[in-house]
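Let's take a walk through this model, one spot at a time. Have the viewer open and follow along.

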Amino acid sequence: QVTLGKTSALREIVILKNICFLAADMVYYIYKRGARMYPDYYVISPAGDRIPVTMREAQKDDYEQTTYGWQSNWNSAYIQQPQLKKYAMETTETHELLGLCAFHDMPESVLLFVTYMESEPGSNPNMTNCRAYSGIGAVMLAFAIQLSIDNGYGGAIALKAKTSELREHYIQCYGAIPFSHYDPFLLLIDGEAAQNLFVKYLKEG
């Protein structure tokens with residue numbers, strides 16, 4: 001990665017395998033394709049339609065919605081630690097809250113740590129067998145990769161799987177790799193795996 005110190009609008013060049021991303025205020029230039037692209041996140045409805053979603057900073061009203069019915073209370077002291085940056089996902093058109101995520105910026109490790117992610121109850125596979133939307137977790141991971149690129153970490157993110165099933169899901173679906181001899185549930189998504197997930201949500205414009 002190369003910092004462009006003389007051009008304030010263009011912050012970082014990030015090389016993921018053979019594709020070069022230049023991040024500039026939510027615009028990603030992919031030189032191999034000669035394309036100027038933007039994040040265009042979406043989830044999938046039961047009918048298979050793509051539903052546009054927006055990622056934004058979480059607010060107090062979002063946390064209040066988790067008091068009843070959600071798997072976790074986002075007003076808890078653990079989640080509200082000041083070092084955790086919280087974000088909300090909502091449908092772009094109706095502003096329906098679909099999920100929340102908390103990230104820990106770790107410049108000393110040159111990565112972003114995904115501390116916690118949760119889908120709303122109607123789309124949470126731990127709470128229902130008939131989800132209102134799918135793909136919420138994938139979007140939140142792709143957004144974490146976006147923030148990692150913006151922070152100059154090359155798209156590297158890490159997370160800790162809660163269960164063996166989730167561990168295998170992250171490995172099989174997102175190319176995550178274990179990186180700790182002491183904790184097999186600690187996983188890294190970096191390089192080509194991060195590239196493949198992030199590019200899935202980029203739209204040329």
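Leaving aside neighbours within four places in sequence, which residues is Glu120 in contact with? They are Trp70, Leu97, Leu98, Gly99 and Ala132, where contact means heavy atoms within 4.5 Å.

## Ground rules

This is a predicted model, so local features need pLDDT of at least 70 and side-chain atom pairs count only at pLDDT 80 or more, while totals for chains, interfaces and linings use all residues. Residues are numbered from 1 along each chain as its sequence is written, and side-chain values use heavy atoms, with hydrogens and water left out.

## The chain as a whole

The protein chain has 4 helices and 14 strands. Both are DSSP runs numbered from the N terminus: helices are H or I with at least four residues, strands are E with at least two. Of its 205 residues, 48% count as buried. Buried means under 20% relative accessible area, exposed means over 50%, and partly exposed is in between (1.4 Å probe, protein chains only).

Take the contacts between residues at least 6 apart in sequence: 52% of them join residues at least 24 apart.

Thr66 is 54 residues away from Glu120 in sequence, yet their C-alpha atoms are 8.3 Å apart.

Ala158 belongs to strand 11 (residues 157–160). With 1% relative accessibility, Ala158 is buried too. Not counting residues up to four places away in sequence, Ala158 touches Leu111, Leu112, Phe113, Val114, Phe179, Leu187 and Leu188.

## Helix 2 against helix 4

At what angle do helix 2 (residues 136–150) and helix 4 (residues 191–199) pack? The angle is about 115 degrees, and the axes are 9 Å apart. Axes here are lines fitted to C-alpha atoms, for helices over the stretch in contact, and angles run from 0 to 180 degrees between N-to-C directions. That makes the pair roughly perpendicular, on a scale where under 35 degrees is roughly parallel, over 145 roughly antiparallel, 65 to 115 roughly perpendicular and the rest oblique. The crossing is left-handed, meaning the near helix is turned anticlockwise from the far one by less than a right angle (clockwise would be right-handed).

On the helix 2 side you'll find Ala138, Leu141, Ala142, Ile145, Gln146 and Ile149, which meet Ala194, Leu197 and Phe198 in helix 4. By class, that contact has 8 nonpolar residues, 1 polar and no charged ones. For the classes, Ala, Val, Leu, Ile, Met, Phe, Trp, Tyr, Cys and Pro are nonpolar, Asp, Glu, Lys and Arg are charged, and the others, Gly among them, are polar.

## Positive phi in two loops

His95 isn't a glycine, but its phi is positive at about 60 degrees. You'll find His95 in the loop between strand 8 (84–91) and strand 9 (97–106), and at 53% relative accessibility it counts as exposed.

Val110 also has a positive phi, near 55 degrees, in a residue other than glycine. Val110 lies in the loop between strand 9 and strand 10 (111–119) and is partly exposed at 41% relative accessibility.

## Cysteines

How many disulfides does a search of the whole structure find? The count is 0, with a disulfide taken as a pair of cysteine sulfur atoms within 2.5 Å. Cys101 is buried, at a relative accessible area of 0%, whereas Cys173 is partly exposed at 48%.
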